[in-house]
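Take a moment to look over the model before you read on. We will walk through it one piece at a time.

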Amino acid sequence: MKRPLSLSFAAAACALACVPKLADDQARIAAPRVLAVRASPAEAKPGLPVTLTALIAAPAGASATGDGLEWAMCLARKPLTELGPVAQECVDRFGEGGEDFLRLGRGASVTGTVPADACRRFGPLAPPATAGGVAGRPVDPDLSGGYHQPIVLGSEAGAALASVRLACGVIGVPNAESVRYGQGYRPNENPEIDRVEIVSGEARVIEPGVEAPGASVAPGSRVELRASWAACPREPVCGDGLCTAGENQSSCADDCRDEPRGCTGAETYLWANPETRTVQERREGVRVAWFSTGGVFAEDQTGRSEQDADGTDTSNVWTAPSERGPVRLWTVIRDDRGGVGWRELAVAVE
Amino acid sequence: MLGARLRRAFALAVATTLVPSGARAQPAPARGEAPKPRLTKPPELVDFVEAVYPEDELREGRAATVVLELAISAAGAVEAAVVVKGAGAAFDAAAVDAARRFTFRPAEVDHKPAPVKITYRYVFTPKAAVETTGKLRGVVLDKASGRPLAGVAVEVDGVGRVVTNAEGEFAFDDVPVGEAKVTLSRSDLTPLRTQETVEAGRTLEARYSVELPAPEGAADDEDKDDFEVVVLAPKLVKQTVSTEVGAEEARRVPGTQGDVLKVVENLPGVARASAGSGQLVVWGAAPQDTRTYVGAVRVPMLYHFGGLRSVVHNDRVASVELVPGGYGAAYGRGLGGLVRVTTREPARDRLHGSAQLDLLDASAAVTAPIGERLSFAISARRSHVADAARLLEDQSFQAFFTLPEYHDGQARLRYQLAPNEWVEVGGMLSGDRQSRTQPSNDPANRVSETRTLRFERYDVAYHKQLADGAEVDVAPWYGHDVGGRAGDFGGVPTSVETESHLVGLRAEWRGRLAEAWTARAGLDLELVQSESNRSGSITSPPREGDAYVFGRAPADQVSADVWKSVIASAAPYAETSWGLFRDRVVLTPGVRLEPYFISVDRRKPHDPNAPDLGAYLSDVAIQPRFAARWASSERLTYKAAVGLYRQPPLPDDLSAIFGNPALGISTGTHYVGGAELRATSDLAMETNVFHTTSDELVARNPSSSPRVGEALLQQGEGRSVGAQFLLRREKGAGRFFGWIAYTILRSERKDSPGARWRLFDYDQTHVLTALASYDLGAGFEVGARARVASGYPRTPLQYIYFDARSNRYEPTLGVYNTDRIPVFLQLDVRVAKRVKLSGSELEVYLDVQNVTNRGNPEEIAYAPDYSHRRYILGLPILPILGARWSF
């Protein structure tokens, strides 16, 4: 009995392994494409200007200027029937234009103003009433409690979606919690990659920049790359030059009065827990996406989750191409609140 | 004898003249003479003798009145009868003959008995014969398979003995009114005696289900109540479209791994569920629209997670019936079909039991009597397939088809109050858990999901068969459900948990009001009190009508809500069947009055700075149902049914954030028509066409600016049209059984008044199932099942873009449900061998699914950048070896 049963089970298990392998090499840059969009500031109030910059990667010999990129803020609210991140017309009708779009211009970087009613369209405030109707349902916040103004950019080659995190405050919590949130919440700061280094064998930093190789590796070699970012304080420290969660102009004027600066790593931030209706402190998770014009990454994206946010680096294994020559690398860092940073690198395979 | 059959000779005696016979001859007295004798007391008829109605006159329906002059002696005897006014020789002679035997209390003249002459009018009325007998008709069935038993001698004491025909039928036309003792016997059966109550002029229809002894070569197994009266009641018209399969037959169906209730998947009208879903999609209705009952108790699901096993142990099932639509007034609260599981009664003869082990699970069952009146049954099952799978290093196969963990158990205790009266207490429980984890170094790509459902049911069932054959059933029950789903997909957590307490009651009387008039009336009550807790994306899990793409992470916008709800309804119902033209036409009108009460504790999302306001809804509606049957011949029957149906919202949909607390009752209409041809006692063919409509269905609010508390709206419509065909050879005394079931349908939905009709997510145009099982003898049995089914519809992709915020590619979608998963085609085989051991039996079976190892597409999977797609394939060849030991 045991033998046929085990045979049967093995057959069943083998047979059940039926999900097709569809893993594409998303890290490989074979054609010009947008890898990331950074908004500066990373979080903005309605009516304030914001600068949007696209990171465009291209293989050797291809243009990566982004001159043909068209930008627009999409004003269409996403219906509850839409399972994606944005209203479908934001993408489908991007080329047609219309009242759903607020054009921002062309180029790799543009500047625009966050619409004054953004917190009503995409935030926690009741949206404008439709003709004959009543004010509708506010938008649900994202996992970090944030709200986003959709940005669409694209050219004839394709479209991409980005966003600007909106500083809209918080609703759905008791008044005391709302006050606490208002006093302690600090807008997001875009994260930055401090350094990328090769840690296999003799550790060495890959110097930033693409004009000249920042490091060299042997053809076909498997190297472990590590990207690092700044360590952020868990508790507010007045006088450290960072205006972080819990600090404000009253409690720490030195850090928060003039052009307050946040931490470029995994920040602590305040978040309204929708289940408990209380304001709580959380840490940002940080993810790093890896791209190259040659070679293969073991993972397309690595990072530290919120529970592991004390770590300030993440590693990936890159197998260098077997052909000699220059290879360009891009590392894009994203935090949980939508902040984006990147570093462009060049490596010589020789 | 003729006199005995006369209902009552309608005799009218009228003394038109009353003359003392002696006085008539005397002259009138002169003045001063003694006074004339005076009649002080007329004669009084004491013993009436019924005249023999002349046969020729009765046959021709003639009435007549014969006027007689009767000479009554002083002793009260009729000394002479003379026809004064005749009505023909036959009538005259009959009247004179009867009258001469009359006995009177003598007349009195001057207070003394005296002879007199009277005029007597004897009236003959050709009325129906006086009934002093009733009819007993019925059928003897094999309890296990439900097939008719021929050659069974049925004897009624003092009346006679007949033998059942090939259809298992018998009939006695002249059974004296009162208690009749009936004996059933056959050479291979121990005689069974029972007692029936026969009423004058009425036909008592009996159905005897008896348990056959195990076939030669097989051991005694299961409950061996050799003979057992299961049902005796006036015939009630069956549902217009229903398929019932007995446990013994169902257990041998290939591809079901010996699970009795999995036979439902093979019946006409049922869509093929995608691998691992275990959903029951009937006539294009959503899975939750079809209600499942075990006895009188509603259960939340028929199959454990994954659809590998049903929730009721085989040994506890007597039969299962699927009614895909058009059912009668006794059931409601659902727009789809109906599944009814009839349970076995605990054994009353001796200890029986079984143990079963195969790749999926292990189970055991025991049933036995305790003394004369008490008996019990208990069973349990636990899965081990998921535990064993964890031993494998490669777990990638669980990404789509996650192996479930499950267990279930049932216990019943029956007390026989009287031969036709019992009370039973019992309960059942079931637990399911399905968990998968897809690890990744990238937090955004980690996937974990855990689904659980635990339910319990406790009930008390009382049954009594009354002297007139009517039956009464009362079954109050309590249930407790805890269901949950927790997961994290692409960094978006989802948590849904609902705990419900249910209280139900089904009380019913069914009986005969007249010879061709049966009825049932009852009360169907159900109350569901739920507390739900949900957090996560409103789009996760997706619901029917969502443009869902397999593998696509949900949107990261999240919320949370906790809400309580009560949904209650108490529906009295009544249904009656009139048989016309000797039951060749049967009309069954019914009505169900269903008042609903729905309460939700929050009308709007919770505002911590303001008190919550609740939402309440009450609703009453009459749901008429009507069915008709016309037997154009003994073998061919046409049938049709129409009915209104209503269904309350799901507690999960009553959230002020994720749903709508103001949701009301959805409505639907079923139209069914068809024909049934019974070629032989075992072979039947049935075709039905159906059309269902539904209104006020719950769907997502399509507005880009929905009102608060209206994430769902009740403005959807549905329609389904199709036909189903069944050619079935039942498992009779022969070695072969099987059927071919084919369903063609189109099911559509419209989510809002302005929307276009779209294909329903569970639409399956063609479903064909052909299965057969053959007993080779010597305990060997082989079977095969072939299934062909259209793939479920899917929505094609339209445009792909890069979401720079999440570092993912996303699609926009084309016209909803205009693509399809390719056709499913699968062949399963089953081989079994029964070995008789001392006092027990061992059955070893091998059930091989997808014996041709065909790669059947079950879902469409896309590359991360949606640049290409592949199909996720279902179960390739899957041999399941198992053994069952029973005693």
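Three strands form an open sheet in the order β2-β7-β8 (chain B), and their pairing is antiparallel. Strands here are DSSP runs of E with at least two residues, helices are runs of H or I with at least four, and both are numbered from the N terminus. Two strands pair if DSSP finds at least two bridges between them. The edge strands are β2 (39-41) and β8 (112-114) of chain B, and each pairs on one side only. On average, neighbouring strands of this sheet are turned by 55° against each other, direction ignored. Such angles are taken between axes, which are lines fitted to C-alpha atoms (for helices, over the stretch in contact); angles run from 0 to 180 degrees between N-to-C directions. Strand β7 (residues 107-109) of chain B is joined to β8(B) by 3 bridges, and the two run antiparallel. Find B:Val109: opposite this residue, in β8(B), stands B:Lys112.

A word on the model itself. It is predicted: local features need pLDDT of at least 70, side-chain atom pairs count only at pLDDT 80 or more, and totals for chains, interfaces and linings use all residues. Residues are numbered from 1 along each chain as its sequence is written, while chains are lettered from A and ligands numbered from 1 in the order in which they are written.

Stay in chain B and turn to a helix. Which residues of helix α4 (residues 89-99) of chain B are buried? They are B:Phe91, B:Asp92, B:Ala94, B:Ala95, B:Val96, B:Ala98 and B:Ala99. Buried means that 20 or more other C-beta atoms, placed from the backbone, lie within 10 Å of a residue's own; exposed means 12 or fewer, and partly exposed lies in between. An α-helix has 3.6 residues a turn, so residues three or four places apart point the same way. The buried residues of α4(B) pack against α3 (55-59), β4 (64-72), β5 (78-85) and β9 (116-124) of chain B.

Strand β34 (residues 636-647) of chain B and strand β35 (residues 666-678) of chain B run antiparallel, joined by 12 bridges. One pair to look for is B:Tyr638 with its bridge partner B:Ala675 in β35(B). B:Leu677 has B:Met685 as its bridge partner in β36(B).

Now move to chain A. This chain has 5 helices and 20 strands. Its C-alpha atoms fill a box of roughly 65 × 60 × 50 Å, taken along the principal axes. Of the 350 residues in chain A, 49% are buried. Strand β1 (residues 33-40) of chain A is mostly covered, with 6 of its 8 residues buried. It is joined by 7 bridges to strand β3 (residues 49-57) of chain A, and the two run antiparallel.

How do the chains meet? In all, 70 residues of chain B are in contact with 65 residues of chain A. Contact means C-beta atoms, placed from the backbone, within 7 Å. The side of chain B that touches chain A has 41 nonpolar, 17 polar and 12 charged residues. Nonpolar covers Ala, Val, Leu, Ile, Met, Phe, Trp, Tyr, Cys and Pro; charged covers Asp, Glu, Lys and Arg; the others, Gly among them, are polar. Strand β8 (residues 158-166) of chain A runs parallel to β43(B), joined by 2 bridges. There, A:Ala160 has B:Phe802 as its bridge partner.

Conventions
Contact = placed C-beta atoms within 7 Å.
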